[in-house]
Amino acid sequence: MPKPPASHKNSSLKLMDAGYAIAGRSILSGLTLQLDEQRIGIIGRNGSGKSTFLRLVAGLIAPTTGTVEVDGHAPTTDRKAMLSRIGILFQNPDHQIIFPTVAEELAFGLRQQGLDKAAAAQAVSALLAQHGRSHWAARAVTALSQGQRHFLCLLAVLVMGPRTILLDEPFAGLDLPTQNRLTRALAALPQRLILITHDPKAVADYDRVIWLEGGQVRADGTAGPIIAAFTAEMARLGEADADTDLTL
């Protein structure tokens with residue numbers, strides 16, 4: 001059977017004065033956050049540091065200043081501990097899928113977690129049956145539509161039972177019916193979700209919203225006030241000339 005997710009309430013995500021710079025250019029700086037809520041949205045303009053923030057929490061990059069901890073572990077140095085703690089769904093499924101068939105793609109993470117081939121195959125079969133997609137098992141990934149590949153990536157995360165799932169613009173490039181299906185699937189999950197988006201409507205019912213601007217926290221709180229302030233500022237920038245403040 002697929003591994004059931006541990007409660008997000010038992011998981012601690014902390015950033016302590018965390019920052020990230022590359023080639024002397026600061027992308028994120030001074031981030032001190034305790035991420036406890038079940039639904040957390042990260043909003044901001046393009047270039048505000050949202051995707052870098054996600055990669056920092058996931059352990060795909062290491063902070064150049066400060067620290068990041070997931071349940072007391074540094075995600076960049078204890079990758080095995082992260083397998084059951086953090087899952088990530090990228091914006092483009094083709095950046096995530098590495099195996100030729102659905103069953104192989106889903107089994108990969110389970111093998112990393114220590115399951116033998118037979119146990120991993122059983123868990124994959126159970127997961128596909130649970131989601132009404134048993135017929136996908138032997139299907140070539142290239143035969144799936146964009147929306148289906150996106151859902152496959154979500155299943156690859158779910159089969160590992162992480163406590164927290166990080167989502168990087170998960171609705172980008174999807175048609176409206178597929179967006180609606182994915183929205184329902186995500187809403188039903190018991191895990192903590194941290195959703196990166198430039199669209200505030202996607203996190204309107206979330207427990208907490210963090211607004212990043214220039215790699216720093218511009219505002220942090222309940223969804224309603226943060227989204228209202230963000231929307232007003234985006235309208236102001238649009239009326240002025242949104243590009244004039246960007247560094248060339």
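Buried means under 20% relative accessible area and exposed over 50%, with partly exposed in between (1.4 Å probe, protein chains only). Welcome to a predicted model, in which local features need pLDDT of at least 70 and side-chain atom pairs count only at pLDDT 80 or more, while totals for chains, interfaces and linings use all residues. Residues are numbered from 1 along each chain as its sequence is written, and side-chain values use heavy atoms, leaving out hydrogens and water.

View 1. Helices (H or I, at least four residues) and strands (E, at least two) are DSSP runs, numbered from the N terminus. Look for Ala-223, Ile-226, Ile-227, Phe-230, Glu-233 and Leu-237, which are buried in α7. They lie on the same side of α7 because they cover an arc of only 130 degrees around the axis, the arc being that of the directions from the helix axis to the C-beta atoms. An α-helix has 3.6 residues a turn, so residues three or four places apart point the same way. The face of α7 turned away from its buried side carries the exposed Pro-225 and Glu-239. The cover over the buried residues of α7 includes β3, β8 (208–213) and β9 (216–221), where contact means heavy atoms within 4.5 Å.

**View 2. Helix α6 (residues 176–187) and its cover.** Which residues of α6 are buried? They are Thr-178, Leu-182 and Leu-186. Their arc around the axis is only 70 degrees, which puts them on the same side of α6. Turned away from that buried side, the other face of α6 carries the exposed residues Leu-176, Arg-184 and Ala-187. Among the elements covering the buried residues of α6 are β3 (39–43), α5 (146–158), β6 (164–168) and β7 (192–197).

**View 3. Where α3 (residues 102–112) packs with α5.** The two helices pack at an angle of about 30 degrees, with their axes 8 Å apart. Axes are lines fitted to C-alpha atoms, for helices over the stretch in contact, and angles run from 0 to 180 degrees between N-to-C directions. Here Val-102, Glu-105 and Leu-106 of α3 meet Leu-152, Leu-155 and Ala-156 of α5.

**View 4. Ala-123 in helix α4 (residues 117–130).** Ala-123 counts as buried because its relative accessibility is 1%. Ala-123 and Gln-113 are 10 residues apart in sequence and 12 Å apart in space, C-alpha to C-alpha.

Notes. Expected span 1.5 Å × (residues − 1).
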